[in-house]
Amino acid sequence: MALDRVIEIIEEMQTNGVIGSYALGGAMAAAIYVDPFPTQDLDFFVHLLADVSDFDPLRPIIDYLEPLGYPIQGVEFAIEGLLVQFVPFTGKLAEEATAQANIVEIEGVEVRVLSPEYLVALMLETNRAKDKLRARMFLDQDAVNLDELNILIKRFDLEEKWQKLNQL
Amino acid sequence: MAKAEPIVDRKYTNLSRLFDAKEQAKKDRAHLSPTEKYRMVQRLNEINKSLKSAKIIKRQGVKRG
């Protein structure tokens, strides 16, 4: 399975000091907890250990992966036929979500995956139309612990967006 | 004199450019040949199948404070 190789490469990046913590997020992570929705790539939240410019945030990863034969294509890397995107932390919520990630076994491979509560909180934070629809799916399919989600909603000031989601 | 940026904020990246580029990449992929699109969907379907049989082996819960 190509996912094995992707995880192996990410762990090598960690060992070599390119990234710190990491976790699978986005639609692929969501597919572990709710019915899958269309996506084209695997999104990994990563802690970049080097200072980066907002103009070229993926530079340390590009410099690491290019010599291995995985050049960037747009904003993604094609690794063993899979499109992989690395998303550096944009704020405290993404950082904490990555630190608190679940460990999930996928076909014998242990993968750090964002928990459903943090996924929904991140969807509330980004709040695009597709995020609202996805967050709604988690609620409709009873895929989140509401007590835990409420803690995040309060701590990260997401009450207003949460109320609007509940009106959908 | 410009106010110094707090050190704590320096580890966070403004990804608006990255996300714009991602949307553009999606638009570009709309022009892939049907065969290329089919292969991409096949690979993603394989992963989705694996994800359905995934097992959570360690759950950390949320940070409370």
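**Entry 1: the contact as a whole.** I began with the contact between the two chains, and I noted that 37 residues from chain A and 32 residues from chain B take part. I keep in mind that I am reading a predicted model.

When I sorted the side of chain A that touches chain B by class, I had 19 nonpolar, ten polar and eight charged residues.

**Entry 2: the strands.** I then followed β6(A) across to chain B, where this strand pairs with β1 (residues 55-58) of chain B in the antiparallel sense, over three bridges. For Ile103(A), I looked up the bridge partner in β1(B) and wrote down Lys58(B).

**Entry 3: the helices.** Two packed helices are described by the angle between their axes and the distance between the axes. I looked up both values for α2(A) and helix α2 (residues 34-52) of chain B, which pack at an angle of about 40° with their axes 8 Å apart. Angles under 35 degrees would count as roughly parallel, and α2(A) and α2(B) are therefore oblique to each other. I also recorded that the crossing of α2(A) and α2(B) is right-handed.

Which residues meet there? In α2(A) I listed Met28(A), Ala31(A) and Ile32(A), which meet Ile47(B), Asn48(B) and Leu51(B) in α2(B). By class, the residues of this contact of α2(A) with α2(B) are five nonpolar and one polar, with no charged residue.

Key: Residues are numbered from 1 along each chain as its sequence is written. Chains are lettered from A and ligands numbered from 1 in the order in which they are written. This is a predicted model: local features need pLDDT of at least 70, side-chain atom pairs count only at pLDDT 80 or more; totals for chains, interfaces and linings use all residues. Two residues are in contact if their C-beta atoms, placed from the backbone, lie within 7 Å. Ala, Val, Leu, Ile, Met, Phe, Trp, Tyr, Cys and Pro count as nonpolar, Asp, Glu, Lys and Arg as charged, and the others, Gly among them, as polar. Two strands pair if DSSP finds at least two bridges between them. Helices (H or I, at least four residues) and strands (E, at least two) are DSSP runs, numbered from the N terminus. Axes are lines fitted to C-alpha atoms, for helices over the stretch in contact, and angles run from 0 to 180 degrees between N-to-C directions. Angles under 35 degrees count as roughly parallel, over 145 as roughly antiparallel, 65 to 115 as roughly perpendicular and the rest as oblique. A crossing is left-handed if the near helix is turned anticlockwise from the far one by less than a right angle, and right-handed if clockwise.
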